[in-house]
Amino acid sequence: MMLEIKNLHVKIVEDETEIIRGLDLSIKAGEVAAIMGPNGSGKSTLSYVLAGRDKYEVTEGSVTFNGENILDMSPDERAVSGIFLAFQYPMEIPGVATMNFLKAAMNSQRKARGQAELLTPEFIRLVKQSAGDLGVSMDILKRALNVGFSGGEKKRAEILQMALLEPNLCILDETDSGLDIDALKIVAEGVNALRDKDRAFLVITHYQRLLEYIVPDTVHVLYDGRIIQSGDKELALHLEKNGYADVIASAA
Amino acid sequence: MKTPVKHTIGEEALLGLLQKAGPQASQTLKSINERGLPTRRVEAWHYTDLRNLLKNYPDVGSSNEATAKTAMATCKIGLPGITLPIINGGYHPELATTLPQKILVASQCQTQDWGEIAKDDAIGLMNMGLASDGLTIIVNENALIEDRICLSHIMTDTKSAATRHRVKIGAGASLTLMERHLTANRVAAVTNTVCDLEVGDRSIVTWVIDQQMCDLATRFGQLNVNLGANAELTILILNSGGKLVRQEINVEVTGEGSELNIRGVNLIGEGAHIDVTTRLDLRVPDTVSNEIFRNVVVGNGHGVFQGLINVASIAQKTDARMACNSLLLSDASEFSAKPELEIFADDVQCAHGATVSDIDEDQLFYLMARGIPEKQSRELLITAFVAEVFESLEVEQIGEVLNERIDNWLSNNG
């Protein structure tokens with residue numbers, strides 16, 4: 001298994017609220033796993049916990065990635081090990097030029113893995129290529145990171161980062177929210193282009209719509225901090241048609 | 001009868017030097033002898049208790065051509081432009097870059113025409129008593145000087161120096177001047193520099209104060225400006241060193257239609273006390289002024305900003321803004337901000353604001369989640385916070401020099 005989550009319990013550090021309550025999930029290399037669930041079920045919390053946000057505390061359970069326990073690793077160490085979170089709300093950082101940020105991220109990871117750092121011409125070439133594929137204009141990359149980007153541009157910039165950093169596990173946290181249908185198609189194409197037998201995806205979404213374009217191998221329903229049902233893409237269609245109520249009722 | 005003050009060790013040392021300085025020091029000597037240096041009870045010095053903070057005042061320094069050459073080589077003065085070296089308080093014309101014909105520079109000890117010095121103007125008083133050299137720089141009308149002129153002050157030892165410069169910029173001229181203040185490593189030098197700047201009508205001037213002394217040094221600086229009509233003046237201040245620093249900026253705006261921009265960055269390290277005090281006197285209608293300061297404080301550093309804007313009753317249509325934003329990076333770090341508006345005109349726009357914050361945890365997480373280590377992520381965010389002040393500078397090179405200082409400071413203090 002690439003990612004193995006066992007009996008995970010997570011609470012918010014500040015107010016001790018338990019959000020994840022005994023979650024089990026396994027994802028194989030090459031698999032696209034979708035997580036669906038109503039608001040407040042813990043979807044975004046799960047993505048933050050995997051990426052290492054310190055305002056959540058793991059009180060029980062384990063998470064291993066390629067056999068390694070990641071819970072003691074800092075966010076940058078997790079990134080270096082191959083985990084990437086495409087944020088639901090990418091941060092705007094005034095004063096940090098997007099290109100400088102991209103270069104710092106790529107070279108930090110390369111350095112940590114003992115690879116040679118990219119020289120500027122090679123870096124520019126890689127960015128131009130990926131930006132072209134994703135329809136991201138080089139003009140917006142001259143701006144400060146995510147500042148003045150439209151909602152769609154922010155999401156595309158996340159996928160651009162993902163393409164450049166070439167992670168093994170890509171977590172997409174509601175990447176479809178705020179996207180019109182054209183932007184959604186571009187983003188999905190970007191994701192599909194990265195599908196690979198050595199790379200897994202954890203796609204978190206409210207709606208089945210995204211899964212028409214990024215077709216999942218497995219679908220899991222998250223409710224009240226636990227996976228209450230798992231299936232294939234048919235499960236997503238069922239949820240779209242009938243809502244969550246009967247799945248929740250049959251799990252109770 | 002007032003009880004005479006009991007002098008501190010710093011005051012004793014200062015009084016000793018003033019006694020040796022001769023007649024030019026008599027007023028200063030009398031004042032400091034009777035009242036001592038200002039304490040927090042003097043309003044202008046409320047956040048910088050000079051009497052307690054000034055621990056010593058070393059003997060007056062000196063230099064010859066050989067020490068000056070060494071100093072310039074070790075302190076890496078080699079910036080492009082015109083360098084006027086002032087080593088341990090003495091100007092070295094033999095080492096200066098040749099000047100364009102449109103600029104006249106004369107070195108002289110100025111002991112006359114001090115004008116009136118206010119009781120609480122400790123920097124002016126000390127300078128009057130101790131100034132041993134200074135430059136008079138006169139720039140011709142309509143002169144367009146492309147090379148930046150750099151007054152490079154270097155201290156090589158634990159000595160003191162006081163200099164007073166006068167700069168007169170003719171109408172319609174355009175140029176960049178830079179005051180640099182450096183020391184050798186680990187010298188507890190004390191310097192005092194007063195610059196009187198007259199900006200002629202329609203001229204476009206950038207004045208940079210780049211202070212990067214070692215963390216034992218003390219600096220008192222004062223820039224007194226008279227701004228003419230339709231002139232544009234940008235003052236950039238970067239404090240990235242020093243143990244005790246007080247930089248005063250006094251601008252008298254006497255020309256209608258003028259535009260004043262003051263942008264400052266104070267990087268305040270462990271054990272440092274850095275105070276920037278500005279006073280704008282807006283005396284005529286239709287002027288624009290903008291002040292922005294960004295401060296970063298680490299360890300037990302203490303920063304101070306006092307900004308006074310005085311708008312005279314005839315100065316209608318004034319547009320004056322002032323902002324002071326500070327990042328406090330430790331529990332022991334401290335910043336005191338005191339913006340003040342004194343407005344006697346009724347048709348003006350004036351605004352001021354002060355904020356204090358820490359690194360934004362969400363931004364930090366975002367950068368780290370991309371694999372950038374914590375230290376480097378913090379540095380990126382701190383640089384972003386301060387570098388904004390120097391963004392979109394017309395003199396791009398200056399921005400680069402200042403950004404390099406910021407990087408150096410962060411690698412030592414981050």
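Figure 1. Burial and overall build of chain B. In this predicted model, 57% of the 414 residues of chain B count as buried. Chain B contains 19 strands and eight helices. Its radius of gyration is 21 Å, close to the 22 Å that the globule rule gives for 414 residues, so chain B is as compact as a globular protein of that length. Burial and overall build of chain B. In this predicted model, 57% of the 414 residues of chain B count as buried. Chain B contains 19 strands and eight helices. The radius of gyration of chain B is 21 Å, close to the 22 Å that the globule rule gives for 414 residues, so the chain is as compact as a globular protein of that length. The C-alpha trace of chain B spans about 65 × 55 × 45 Å along its principal axes.

**Figure 2. Burial and overall build of chain A.** Of the 252 residues of chain A, 52% count as buried. Chain A has 10 helices and 12 strands. The radius of gyration of chain A is 18 Å, close to the 18 Å given by the globule rule for 252 residues, so chain A is as compact as a globular protein of that length. A box of roughly 55 × 40 × 35 Å, taken along the principal axes, is filled by the C-alpha atoms of chain A.

**Figure 3. A salt bridge between A:Arg53 and B:Asp362.** The closest N and O atoms of this pair are 2.3 Å apart. The pair crosses between chains: A:Arg53 lies in the loop between helix H1 (43-51) and strand E4 (56-65) of chain A, and B:Asp362 lies in helix H6 (residues 361-368) of chain B. A:Arg53 counts as buried because its relative accessible area is 8%, while B:Asp362 is partly exposed at 33%. A network of salt bridges links A:Arg53, A:Asp54 and B:Asp362.

**Figure 4. A salt bridge within chain B, between B:Glu179 and B:Arg219.** The two side chains meet at 3.5 Å, N to O. B:Glu179 is in strand E7 (residues 174-183) and B:Arg219 is in strand E10 (residues 218-227), 40 residues apart. B:Glu179 is buried, with a relative accessible area of 1%, and B:Arg219 also counts as buried, at 1% relative accessibility.

**Figure 5. A salt bridge within chain A, between A:Arg21 and A:Asp224.** The N to O distance is 3.5 Å. The pair links distant parts of the chain, 203 residues apart: A:Arg21 in strand E2 (residues 18-27), and A:Asp224 in the loop between strand E11 (218-223) and strand E12 (226-231). A:Arg21 counts as partly exposed at 31% relative accessibility, as does A:Asp224 at 34%.

**Figure 6. A patch of negative charge on the surface of chain B.** The patch gathers B:Asp331, B:Asp358, B:Asp360 and B:Glu361. B:Asp331 sits in the loop between strand E17 (319-328) and strand E18 (334-343). B:Asp331 counts as exposed, at 84% relative accessibility.

Technical notes: Residues are numbered from 1 along each chain as its sequence is written. Chains are lettered from A and ligands numbered from 1 in the order in which they are written. This is a predicted model: local features need pLDDT of at least 70, side-chain atom pairs count only at pLDDT 80 or more; totals for chains, interfaces and linings use all residues. Side-chain values use heavy atoms; hydrogens and water are left out. Patches are made of residues with over 30% relative accessible area and no salt bridge: like charges are joined within 9 Å, nonpolar side chains (Val, Leu, Ile, Met, Phe, Trp, Tyr) within 5 Å. Accessible areas come from the Shrake-Rupley method with a 1.4 Å probe; for residues, only the protein chains shown count as cover. A salt bridge is a side-chain nitrogen of Lys or Arg within 4 Å of a carboxyl oxygen of Asp or Glu. Lys and Arg count as positive and Asp and Glu as negative; His and the chain ends are not counted. The place of a charge is taken as NZ of Lys, CZ of Arg, CG of Asp or CD of Glu. Helices (H or I, at least four residues) and strands (E, at least two) are DSSP runs, numbered from the N terminus. Buried means under 20% relative accessible area, exposed over 50%, partly exposed in between (1.4 Å probe, protein chains only). The radius of gyration is taken over C-alpha atoms; the globule rule is 2.2 Å times the number of residues to the power 0.38.
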